Amino acid sequence: MKLGRLIYIIPIMAVFVGCSQSPTGRRQLTLLPEDQLAKMGDQSFQQMQKQQKLSDDPALKRRIECIAERIVSSMSKNNNFSEWDVKVFDSEAVNAFATPGKNIGVYTGLINAAQSNDQIASVIGHEVGHVLASHGNERISQSLIVQGGLVAADIALDSGSPQKNQMILGALGLGAQLGILLPYSRKHESEADKIGLDLMAEAGFNPRAAVEFWEIMKNQSKSAPPEWLSTHPAPQSRIEKLRSNMKSALKTYNRNKGQFTKCPS
Ligand SMILES: [Zn+2]
């Protein structure tokens with residue numbers, strides 16, 4: 001892309017794309033069009049699959065797909081799960097992610113660390129929460145501004161070189177395994193927690209499992225810090241905040257539980 005065109009594109013994008021609101025009503029700066037983000041998410045997801053081994057256990061895949069389908073279906077009635085790509089990675093790393101473009105990745109290490117499907121659902125809900133709230137777009141937009149707009153816009157809009165890919169992977173929260181650490185901010189983490197808690201409750205998973213899973217992560221981090229925590233920092237306040245959102249989530253859960261297919265465990 002020629003520099004001359006970029007000079008005009010950035011202010012125009014800032015005016016027409018820049019002002020948006022997250023699902024919790026927070027004002028946010030999202031400079032890139034969502035279809036561009038979806039493309040970046042898809043490309044990154046393909047890259048992850050080339051670099052990392054996928055599980056060949058069909059039962060495990062069915063189990064994770066079942067959990068993911070309930071979470072995805074709880075977002076809105078129009079959400080068609082067949083458009084989503086769910087992959088189980090064969091790795092001891094305790095990690096999971098979701099990307100724009102409707103992709104979800106869960107590592108066998110995380111499945112083993114969790115003690116129930118409800119706990120796995122809390123992680124998938126949290127990850128999908130980051131995507132629903134356009135956190136990747138916000139993070140890329142922030143780095144566009146920090147790095148001086150024009151040069152960085154070129155990086156974000158035209159993928160291909162390793163530096164460009166690294167920047168995108170980091171912003172989408174996929175960089176932990178590749179040594180690109182860009183932890184989500186506390187603001188993004190609590191927003192994803194809130195959205196995730198509501199999604200899992202809507203999908204008939206017990207929201208108390210979110211607190212249980214963070215307790216497990218907290219204890220594990222004393223010995224060997226789970227990879228997931230390198231991009232999803234876990235301050236003690238997170239558990240307290242989850243508890244403070246629990247009452248309304250439990251109401252939803254009690255209304256919806258029993259309405260869904262039981263996922264294999
Ligand atoms: Zn997170």
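Predicted model: local features only at pLDDT ≥ 70, side-chain atom pairs only at ≥ 80, totals over all residues.
Local features are reported at pLDDT of at least 70 and side-chain atom pairs only at pLDDT 80 or more, whereas totals for chains, interfaces and linings use all residues. Residues are numbered from 1 along each chain as its sequence is written, and side-chain values use heavy atoms, with hydrogens and water left out.

Three strands form an open sheet of mixed pairing in the order β3-β5-β4, where strands (E, at least two residues) and helices (H or I, at least four) are DSSP runs numbered from the N terminus, and two strands pair if DSSP finds at least two bridges between them. The edge strands, each pairing on one side only, are β3 (85–89) and β4 (96–99). Neighbouring strands of this sheet are turned by 10° against each other on average, direction ignored. Strand β4 is joined by four bridges to β5 (residues 103–107), and the two run antiparallel; Ala 96 stands opposite Val 106 in β5.

Helix α2 (residues 34–51) lies across β3, β4 and β5 and runs at about 30° to β3, while helix α3 (residues 58–73) lies across β3 and β5 at about 140° to β3. Here axes are lines fitted to C-alpha atoms, for helices over the stretch in contact (heavy atoms within 4.5 Å), and angles run from 0 to 180 degrees between N-to-C directions.

Volumes are the space filled by probe spheres set on the points, which are joined across faces, edges and corners. The largest pocket holds about 270 Å³ and is lined by 20 residues, with Glu 34, Pro 100, Gly 101, Val 131 and Leu 132 nearest its centre. Helices α2, α5 (117–132) and α6 (135–146) each supply at least two residues of this lining.

Three cavities of 30 Å³ or more were found in the whole structure, and the largest cavity holds about 80 Å³. Its lining includes Ser 122, Met 200, Ala 210 and Phe 213, and α9 (186–202) gives the most, with four residues. Ser 122, in helix α5, is buried (under 20% relative accessible area, 1.4 Å probe, protein chains only), at 9%. Neighbours within four places in sequence aside, Ser 122 contacts Met 200, Ala 209, Ala 210 and Phe 213.

Methods. 1 Å grid on protein atoms, 1.4 Å probe; cavity = no way out; pocket = protein on both sides within 12 Å on 5 of 7 lines; lining within 4 Å. Buried < 20%, exposed > 50% of the residue type's maximum accessible area, 1.4 Å probe, protein only.
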